[in-house]
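Visitor: I have not seen this one before. Can you walk me through it?
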Amino acid sequence: DNLWNQLKEMRETLFSDPNLRQGFDLVGHSQGGLLSRAFVQAFGRNDGLFKVDKLITWGSPHRGYFGTPWSNREHTALKCISYIVRRIGQTTIRCFDLSKKKSIFQMWNDPYLHREHKDKLENSHFMSIINNEINHPYNEHFKKNLKELSKFVLFNSNQESVISPSASCWFHYYGDKQEKMIEPYCNTPYYYQDVLGIKFLE
């Protein structure tokens with residue numbers, strides 16, 4: 001299912017539990033961490049009810065991913081497969097409109113697409129929206145809710161072999177038009193402008 005539908009199901013599940021009415025902490029792993037952050041941004045305050053106090057994510061692709069789980073492996077054949085997937089991935093996703101249909105494709109973030117190209121809402125179905133990298137009706141709402149957290153803790157592992165690049169778990173990602181050097185989030189215009197509230201939380 002796509003991530004928007006999963007987020008809706010998550011809201012219905014959490015809001016149906018009376019034990020969470022006065023607030024709770026939220027821990028999410030991998031895609032679950034991404035959904036947990038999206039939940040906080042979209043529904044976290046809720047007039048003081050069901051409010052998330054602390055958010056902890058582990059191995060979650062906060063800036064998306066590019067490639068396959070084999071991208072960081074030493075085996076030559078696996079690296080070749082990953083290279084091919086990277087080259088054809090964006091074209092395939094666009095041609096079949098997969099970024100509206102399946103969660104794994106909604107997290108794809110191609111660094112070869114210049115930032116200006118991501119400013120088109122119709123081409124950004126999840127990552128650019130929840131990261132406030134484009135203009136949409138809920139920019140300030142998302143930012144305000146995330147800033148309400150008392151703690152936002154991001155965990156990564158030096159054994160991470162699924163998320164590529166693993167630095168995405170800390171909001172870092174490849175720089176524009178390359179896939180070798182990691183650009184720290186604090187060097188991006190998104191951090192300078194604090195579009196999401198990460199700078200405030202630090």
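Guide: A salt bridge is a side-chain nitrogen of Lys or Arg within 4 Å of a carboxyl oxygen of Asp or Glu. This is a predicted model, where local features need pLDDT of at least 70 and side-chain atom pairs count only at pLDDT 80 or more, while totals for chains, interfaces and linings use all residues. Residues are numbered from 1 along each chain as its sequence is written, and side-chain values use heavy atoms, leaving out hydrogens and water.

Visitor: How many salt bridges does the structure hold?
Guide: The structure holds 3. In one of them, Glu-133 pairs with Arg-63, and the closest N and O atoms are 3.4 Å apart.

Visitor: Where do Glu-133 and Arg-63 sit in the chain?
Guide: Glu-133 is in the loop between H5 and H6, and Arg-63 is in the loop between E2 and helix H3 (76–95), 70 residues apart. The H and E labels are DSSP runs numbered from the N terminus: helices (H or I, at least four residues) and strands (E, at least two).

Visitor: Is Glu-133 buried or exposed?
Guide: Glu-133 is buried, at 10% relative accessible area. Buried means under 20%, exposed over 50%, partly exposed in between (1.4 Å probe, protein chains only). Arg-63 is also buried, at 5%.

Visitor: And which residue does Glu-148 bridge to?
Guide: Lys-51, with the closest N and O atoms 3.3 Å apart. Glu-148 is partly exposed at 33%, and Lys-51 is partly exposed at 29%.

Visitor: New topic. How many residues of H2 are buried?
Guide: 10 of the 13 residues of H2 are buried, among them Gly-33, Leu-34 and Phe-39.
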